[in-house]
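Please look through this model with me. My notes on confidence, core and aromatic rings follow.

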Amino acid sequence: MTAVKNTEAQLHTGLTQRQISMMGLGGAIGAGLFVGSGQAISIAGPAVLVSYLLAGTVIIVIMAMLAEMVAAHPSSGAFSTFAHKAMGRSAGSTLGWLYWVQLVVVIAAEATGAAAITAGWFPAIPQWAWVLAFVVVLTGANLLGVRNYGRFEYWFAVIKVAAIIAFLVFGVLVLAHVFPTEEPVGFANLAAHGGFAPGGMAGIAAAVLIVIFSFGGTEVVSIAAAESKDPAGNIKRVVKSVMLRILFFYLGSILIIIALVPWNDPSVVEGPFAAALAVMHIPGVSLLMNAVVVVALLSAMNANIYGSSRMLYSLGQRKLAPRSATHVTGNGVPAKAVISSVAFSFLAVGLNWIWPDTVMPILLNVVGSTIIFIWAFIAVTQLILRRRADREGEHLPLRLWGFPGLSIATIVVLAAIVVLAMTDAAARTQLLLTGALTAVIWIISKLVLRDGTGVEEASDG
């Protein structure tokens, strides 16, 4: 197999194994958990636990697939580079640009969300000023070098993980009646108010899409591994130690929330963790949770600036993006790719200021189910590359267990989730919009990435 060349030599290997591990943990513990989980609970009821278990199992397998491919061919383009190898330039281009578009939209949304909270604390400072401050500070952190990005993300992740652990400890103590509450607490809420699965299988599937979006962010470690001294060893340790911890944090947190608060309580949608903490009678709960949400948003924003810039850099290296994206500064940073990735934030925030109830909801709807398309690309890519490696006798430092059955089963599960989610109106809209975006990118890639004979450049193998 003739591999696509690893052209990331100019990037510095400044990330440590500890930082990558915390990035894996922190990447999935974001606003999607602290805020978005309320919407998932309101759709599926207590059966949202099934949604989290299903999505969590899928992401563990997806990360194991990525680990197998990263260990063999580390690249800042990660899954885009692998799709390029497996299915040709159009597939690599489509996946890379789809991921980049998703991240730049989410960066704008995260900056807006964090600014909305901090502007409430300091009303004398307008919201746009907070957006500008967050974008400038985190862009600066990324421009100063990957080591500085790693430090920022490490401490962001520490704060989020500490908050989750504290929540789990207090929740267990309350459920064990160590801490008294005004109302008796237990696990009756799991079967009350319409039963365990009031929304049925359709509700569980629709909630899975929200949950999957929450897990989005873990894939950044496959990109970051390329800027560490031991990509194969680091990605192996991350997958083995981090993914099960993430699943534990999610399932444990959601179980405590739906045990303490009825799933159909309006406060759950507004802020699930705040609703549970209110039952625990933790003083200053509103300020506390808002502070944690701001940290989660800024952490995700920091990671997304990093991930989008490295993906754009890799696309440029493979001539799938403007060559200017490959410019690297003396400290190993693709500066123009970083600036290009955050530039959209200013445009989106400006549009959001002009049409506050239109622009951002539309943009978020378009990229709302992007991650499930990306996961499907990853699963198909791994199936192709692993079969090719086995056929050619290539040594792989890591090998996904249960191949090919597990790979095929993962693809089938993802397809089943999409089919079931299509029965829900909101989920169907997201899927159709994301599908349209993917199709547009693919068509543009097919039209642009052809040689003089009108034939697309073949993939390796």
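1. Burial first: buried means under 20% relative accessible area, exposed over 50%, and partly exposed in between, with a 1.4 Å probe and protein chains only. By that rule Phe248 is exposed at 53%, whereas Phe249 is buried at 8%.

2. This is a predicted model: local features need pLDDT of at least 70, side-chain atom pairs count only at pLDDT 80 or more, and totals for chains, interfaces and linings use all residues. Residues are numbered from 1 along each chain as its sequence is written, and side-chain values use heavy atoms, leaving out hydrogens and water.

3. Rings of Phe, Tyr and Trp (its six-membered ring) pair if their centres lie within 6.5 Å; planes under 30 degrees apart count as stacked, over 60 as edge-to-face and the rest as tilted. The count is nine aromatic pairs. Phe248 and Phe249 are a tilted pair, because their ring centres are 6.1 Å apart and their planes lie at 50 degrees. Phe122, Trp130 and Phe134 make up one aromatic cluster.

4. pLDDT is the predictor's confidence in each residue, from 0 to 100. The protein averages 83, and 91% of the residues score at least 70. Over residues 1-9 the pLDDT is below 50. Residues 451-461 also stay under 50. Where pLDDT is low, the predicted coordinates should not be read in detail.

5. Which residues does Ile254 touch, leaving aside neighbours within four places in sequence? With contact meaning heavy atoms within 4.5 Å, Ile254 meets Leu33, Ser37, Ile41, Val48, Leu49 and Tyr52.
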